[in-house]
Amino acid sequence: MDESKPSAQTAEVVPTKVAAPSPSDKLARLNAPTIIDINNVDFYYGASKALHGINFPIKNKLVTAFIGPSGCGKSTLLRCLNRMNDLVEGTRIGAGSIKISGVDIYDPSVDVIELRKRVGMVFQKSNPFPKSIYENVVYGLRLQGINSKSRLDETVERSLRGAALWEEVRDRLHTSALGLSGGQQQRLCIARAIAVEPEIILMDEPCSALDPIATVKVEELIHQLKQDYTIVIVTHNMQQAGRCSDITAFFYMGRLIEIDATEKIFTNPTQKQTEDYISGRFG
Amino acid sequence: MSPSPQIKRIDQRPLREAISTRGRSLVPWLTKDELIKYFFGANAWMSIVVLGLIMLSLYSESIGFNPSRGFFGENYRNLLVYRQAGLEFVDILKKETSGIDGLGKYLADVRLKELLRLIAQGKRDGKPADQALTDANNALTPFDDYVNRLSTLGDPLNVIISPLGDAATATRDAVTDVEHKKQEKELYLRSNKKELADQVTYQEVDLDAAVKPLHDALPSIQDANVKLAAGLALFLTQPPPALDETMKAELAGFNEQVRGLMAVLPTYENELETWNPHLPLPWYKGVTDFFFNTNWLTASSWQNYYGILPLLAGSTLISIVALVIAVPLGVGAGVYINQIATPWEQHIIKPAIEFISAIPSVVLGFFGVAVLGQFLLQLSQWGILPHFSSRLNIITAGILLAFMAVPTIFTLTEDAINNVPRSFKEASYALGANRLQTIWRIILPASLSGVISAVLLGFGRVIGETMVVLLCAGNSIQIPPMSDGLMVLFQPVHTMTGIIAQELGEAERGGIEWHALFMVGLFLFVISLGINFLAQRVVKRFKISIG
């Protein structure tokens, strides 16, 4: 399966406005420390080069959005950040490095399992396990050998509240997760990701399969989550990038074209390609 | 407007004419489309028709549309004659003598163990092998005398039994003969050949006169029983001569057995006194006897039995052994190939496993007889496996059948795992699971129904397999002694499939044995049907749960 070629964009209605912080506040936050340092990364699927010399930092406790047309490499880059591309046969990093907190995550000494615990991921298509809601949330904990009921109960409530799902499912925690609606399933996947208390959450087009109302809920959730987590979100929907991100990176044909504060990208991009894409002239 | 010159249709006819003419095919009244549809439809429905015919013939040859002429009716008459001719009476007597034989066997077992110990002891003392054997036998001479004296206890009874047995079988044969003649006559009458029917004459057997000698023998039997009881009591007072403490401990149960036999003697005598050849046989006996009789005995000079239990036990035990081996192998290989193996390994292993199912089973059976059975026996002689004597047994057949079931289980398991969405696997890895955790907690549970149905179909394959069990199971019709624990697996058995293959060629068409074999076939058919039905149900559930 090639995640670098996501499905067609889904049309979405403009959701309710979220109160925007004042410009000065924003500028201050853009100076946050770097947590992920992407350094001249080339990436290959077999012989074809999917990423060309990607080079930029991702700031701590901010929401960074990756935008760009289909096949531009944004999902590929995202999946490099927790080494999910390892699961795809024939992929490799050709050059450059990705450092998280100063550690090169492609170094042979890196514990991939631990990396994925610290860098959680939410997928494009909600993918709850065919288990109960409760078991879905505690899956990551059970992997680590935590089976104490009180600890699990506490995590389930905290994570589901964190994912704004608690009130809806508290009475049916032990029914199958597959009985939830699409939007609930996606929030369950977010709850499952935050249950293991990661530092970074990667979201790969988390709303592309959701209806507008579910999308609003997930976006509101992203706003809450950025208090505690660094979030990297890939999206096809430019309004969404505008609404929920602090920084936006625009990719085209496997290259980073422009990265800047979201407001600047959407109001006054420096590159012609960015402007064309944002104004809907192609993509 | 004139049409543009570049449009050149293949069919030059005008529109009106072209669309108003239906296509024709070879058969005038069918269009091409219909012809193709019927052709494929006929192919598809053919299997249903054949299946129906098979079921019909199985049913008509076993139970029969007239059940009194089918197997159950014939088996009922078989059992009825057994009672009326007095075979039942003689069998009660035989139970007494077989009780004495049982005592002898008990002592013989102890003797064998002691003999082996003595020989081993002799070898340790530095004697040559044959010298050790002779010495051991010599040492056991007093014990042998004791056993011989014990076996003579049954002699008075045996003297009574053999003429009674002859009389009973003679009566039985006469009754069967009359039965056959009646049938023949009826057949002639039905086809309006009166003169031929008149030629068939028979005289009804006077059953009361026939069983009179049995009743008359009662006083002498009672006499013999008294003697037997007295003899047994005498043996109670003289325990068998033990050579050492171990042997004495092994003989400890002997007195218990003797007392047990003495205790049942009056019961047998009572059964003999109250025995009545006119006692009616319940109508369902022909059916229950098939399912619960522990004997399958054909072409016997005494009494034939058609009980499916020993065959069922053999088939079941072999299947269990096969599944216990094949399930971990098949499921494990499926998981490995689908989840872990490199593409290179997949290219090698997958076709290899699938090739196994192409090996003719007779070749595997030959391998089992020539190599595997011998190898297991060798292992036993080297002391790696416990002692057993039959080269062909449940284990040998089970291992080979496991080998045959692996491709089925492997392929279906791999399919089931393939159906698990990749997103489950990704989600699991993204939460920090390692490969084993992902397989164990996500992939196997999600494909569980598929795996279960794979196992069920593997079971179906195993229980229906014929050639391997015929060659390798040892073909000894018995319910293996379950009290032996796991050692039961080294017993030779016979199977439902094996008995059909072996006996159908010799069975008289339309005779009771013929019907009995079809009955076994029907039973197998029902088992397979049940397994397939179950497997399909399980797979259906699986599809819903993935969504």
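**Close-up views of a predicted model**

**View 1. A:Arg83 sits in the loop between helix H2 (74–80) and strand E4 (91–100) of chain A.** In this predicted model, A:Arg83 is not a glycine, yet its phi is positive, at about 60°. Most residues other than glycine have a negative phi. With 19 other C-beta atoms within 10 Å, A:Arg83 is partly exposed.

**View 2. A:Asn40 belongs to strand E1 (residues 34–45) of chain A.** Here is another residue other than glycine with a positive phi, this one near 50°. Is A:Asn40 buried or exposed? A:Asn40 has 11 other C-beta atoms within 10 Å and is therefore exposed, as the cut-off for that class is 12 or fewer.

**View 3. Helix H5 (residues 149–162) packs with helix H7 (residues 182–195), both of chain A.** Their axes lie 8 Å apart at an angle of about 125°, so H5(A) and H7(A) are oblique to each other. The crossing of H5(A) past H7(A) is right-handed. On the H5(A) side, the contact is made by A:Thr155, A:Ser159, A:Leu160 and A:Gly162, and these meet A:Ala191, A:Ile194 and A:Ala195 of H7(A). By class, the contact holds four nonpolar, three polar and no charged residues.

**View 4. Chain B meets chain A, with 17 residues of chain B in contact with 20 residues of chain A.** Which helices of chain B each supply at least two residues to the side that touches chain A? They are H18 (422–430), H19 (435–446) and H23 (512–546). H18(B) gives the most, with seven residues. Nine nonpolar, six polar and two charged residues make up the side of chain B that touches chain A.

Methods. Residues are numbered from 1 along each chain as its sequence is written. Chains are lettered from A and ligands numbered from 1 in the order in which they are written. This is a predicted model: local features need pLDDT of at least 70, side-chain atom pairs count only at pLDDT 80 or more; totals for chains, interfaces and linings use all residues. Axes are lines fitted to C-alpha atoms, for helices over the stretch in contact, and angles run from 0 to 180 degrees between N-to-C directions. Helices (H or I, at least four residues) and strands (E, at least two) are DSSP runs, numbered from the N terminus. Angles under 35 degrees count as roughly parallel, over 145 as roughly antiparallel, 65 to 115 as roughly perpendicular and the rest as oblique. A crossing is left-handed if the near helix is turned anticlockwise from the far one by less than a right angle, and right-handed if clockwise. Two residues are in contact if their C-beta atoms, placed from the backbone, lie within 7 Å. Ala, Val, Leu, Ile, Met, Phe, Trp, Tyr, Cys and Pro count as nonpolar, Asp, Glu, Lys and Arg as charged, and the others, Gly among them, as polar. A residue is buried if 20 or more other C-beta atoms lie within 10 Å of its own, exposed if 12 or fewer, and partly exposed in between; C-beta atoms are placed from the backbone.
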